[in-house]
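Hi,

Here is the structure I promised to pass on. My notes on it follow below.

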Amino acid sequence: MKQYTVLTLFPEMIIQAFSHSILARAQKENHICIEAIDIRSFSKNKQKHVDDYPYGGGAGMVMQAQPIYDAYQSIPESKKGRVIYLSPQGKTFTQQLAQELAKEENIVFLCGHYEGVDERVLEQLEVEEISIGDFVLTGGEIAAIAVIDAVARLVPGVLGKEASFQEESFSDGLLEYPQYTRPPVFMGRAVPDILLSGHHGNIKKWRKEQSILRTKQKRPDLLK
């Protein structure tokens with residue numbers, strides 16, 4: 001069973017996000033386990049503050065090292081593993097990276113807030129920084145949810161049929177071909193005849209051609 005542990009100030013965001021649909025079922029079937037640890041509960045401050053003013057001045061607050069480190073130390077050794085800090089400064093998350101992370105048994109995700117996290121705890125935990133895009137969020141929870149979702153669905157047994165994700169966008173460097181379902185005609189638009197032919201070889205060829213065409217039109221950068 002794959003273990004994903006999230007260090008966060010808002011554990012309810014993480015738990016709620018994965019209490020529905022496919023990943024909720026995957027947890028019940030013991031394919032994956034998703035846990036959230038409240039960093040604030042490890043604060044030694046009477047008011048449970050986990051942030052303070054930055055040395056050197058500047059706007060905003062910085063998350064303190066001690067509560068984060070102690071929260072990480074509370075994780076049993078059997079559940080510790082690769083530590084990922086969700087940060088706009090990290091390397092861009094891709095489907096290829098999702099496939100790599102899906103092979104890991106244990107991953108710990110650190111969600112930052114405010115102006116960031118004390119650099120010393122990042123160094124101490126030897127974190128790997130990952131970004132979901134060139135933009136800034138109010139906290140790392142949304143990014144962590146996105147990464148966990150993309151990774152967990154690749155774990156064997158989570159989706160049921162492996163082929164359901166092997167032919168998706170980015171799995172082979174191309175965007176996915178267009179999909180159709182019933183009815184055969186909708187508002188005058190008909191399903192391509194090739195998909196109704198029953199000839200699997202021709203359908204496979206058509207889908208490959210459509211993937212290439214769609215990638216050229218929408219994401220030509222992928223073809224480089």
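In this predicted model, Arg82, Lys91, Glu100, Glu104 and Glu128 are joined in a network of salt bridges (a side-chain nitrogen of Lys or Arg within 4 Å of a carboxyl oxygen of Asp or Glu). The count by this rule is nine salt bridges.

Arg82 is buried, at 18% relative accessible area, while Glu104 is partly exposed at 25% (buried is under 20%, exposed over 50%, partly exposed in between, with a 1.4 Å probe and protein chains only).

Elsewhere, Glu105 and Lys2 meet in a salt bridge (3.0 Å, N to O). Glu105 sits in the loop between α4 (95-101) and β6 (106-111) and Lys2 in strand β1, 103 residues apart.

Strand β1 (residues 2-8) also holds Thr5, which is buried with a relative accessible area of 1%.

On conventions, residues are numbered from 1 along each chain as its sequence is written, and side-chain values use heavy atoms, leaving out hydrogens and water. Local features need pLDDT of at least 70 and side-chain atom pairs count only at pLDDT 80 or more, while totals for chains, interfaces and linings use all residues.

Best wishes

Key
Helices (H or I, at least four residues) and strands (E, at least two) are DSSP runs, numbered from the N terminus.
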